[in-house]
Each structure stands twice: as structure tokens, then as C-alpha cells.
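Dear colleague,

Please find below the structure that I am handing over to you.

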Amino acid sequence: MSLYKYSEATQIGITAAFCILVIVDLIGNTLVCLVVYRNRIMRTPMNYLLVNLAASDITVAIFIAARYIFPLLFEHPKGRAGDVVCQLFTGEAFVWVGALTSAFSLICIALERYLAIKFPYDERKRPTTAKLKCVIVFS
């Protein structure tokens, strides 16, 4: 199945670029999650937001791979199984969910940094772990 209509070289180049980006994304964001998980001192409200951002980026990478890389390696199933695969994996719904979660996480990080700079000594303005858990579940 060809996703690119111009040439086979274009198809190979774009697929190779996607493969490299997905691998780097998965490795880098997994390392971010592992560092926060394994080091107790890194479990701060700001780092919880960074882990949320990393998790959403991992989601985008996985489903971008399902959309643009795997169809070149495997044939898309037909019938009911094909409909399910299309709706869950190759239909880009989860890519958009991950992208919107990523954007929302960046907004939350910017807001947290703004409050930290604007009100450095006001503890009421600082986000707590409980507040951030609600924000992360909301996102």
C-alpha cells in the first residue's frame, strides 16, 4: 500500500524519517518517565506535568507509527477486523487525542511557570500534587 504518490524513493525516505523520529521519541520520553519514576526527589508537581507531556508524546508516536509505518509492512485486514483496526489504530483518532493532550500539558506547564515567577513566595498559588492529578486526569 502506497501512502505517497510521487515515487518509491519518496516513500522510502519519508518512512525512514518517520521510523527514526518514532524511535527517538519513544526512547527519549520513556527515559523521562523512568527518571521521574525511579528517583523520589524528582517527583515534583512540575515533573508530573513533564511526565504527562512525555506520555502524550509516546501516544502520538505509537499511533503515528501505526498510521504511516505499519501499513507499509503489513496488509490492512478486510471486513469487521479491518473496521476495528481502522477505527482504533490507523484512523488517527488517538493521534489527535495525544496531540491535544500534549498541547494542554504545555499550557499547564506554561501556567505553572508563570505562577512560579509571578508569585514565588505565595504557597497558595503553587500547584499541589493533588491539584495536578486532577489536571492530568482532565487532560
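Ile27 counts as exposed, because its relative accessibility is 52% and the threshold for that class is over 50%. The residue lies in helix α1. Together with Ile23, Leu31, Leu34 and Tyr37, Ile27 forms a nonpolar patch on the surface, and the accessible area of these residues together is about 540 Å².

Please bear in mind that this is a predicted model. The mean pLDDT of the protein is 81, and 83% of the residues reach at least 70. Confidence is highest in helix α1 (residues 8-38), with a mean of 89, and lowest in helix α3 (residues 70-73), with a mean of 65. Where pLDDT is low, predicted coordinates should not be read in detail.

As to the overall fold, the protein has 6 helices and 0 strands, and the order of elements from the N terminus is α-α-α-α-α-α. Among contacts between residues at least 6 apart in sequence, 69% link residues that are at least 24 apart.

Turning to the interior, 24% of the 139 residues count as buried. The largest nonpolar core consists of 7 residues, namely Val22, Ala61, Phe63, Ile64, Ala65, Ile69 and Val95. Helix α2 (residues 45-68) provides the largest share of this core, with 4 residues. Returning to Val95 of the largest core, its contacts beyond four places in sequence are with Val60, Phe63 and Ile64.

What of charged pairs? Side chains of opposite charge can pair when their charged atoms come close. The count for this model is 1 salt bridge. Its partners are Arg113 and Glu112, whose side chains meet at 2.8 Å from N to O; the pair qualifies because the cut-off is 4 Å. The two residues fall into separate accessibility classes. Glu112 counts as buried because its relative accessibility is 9%, and the limit for that class is under 20%. Arg113, with a relative accessible area of 41%, is partly exposed.

With kind regards

Note on methods:
Residues are numbered from 1 along each chain as its sequence is written. This is a predicted model: local features need pLDDT of at least 70, side-chain atom pairs count only at pLDDT 80 or more; totals for chains, interfaces and linings use all residues. Side-chain values use heavy atoms; hydrogens and water are left out. Buried means under 20% relative accessible area, exposed over 50%, partly exposed in between (1.4 Å probe, protein chains only). Helices (H or I, at least four residues) and strands (E, at least two) are DSSP runs, numbered from the N terminus. Contact means heavy atoms within 4.5 Å. A nonpolar core is a set of buried Ala, Val, Leu, Ile, Met, Phe, Trp, Tyr and Cys residues joined through side-chain atoms within 4.5 Å. pLDDT is the predictor's confidence in each residue, from 0 to 100. Patches are made of residues with over 30% relative accessible area and no salt bridge: like charges are joined within 9 Å, nonpolar side chains (Val, Leu, Ile, Met, Phe, Trp, Tyr) within 5 Å. Accessible areas come from the Shrake-Rupley method with a 1.4 Å probe; for residues, only the protein chains shown count as cover.
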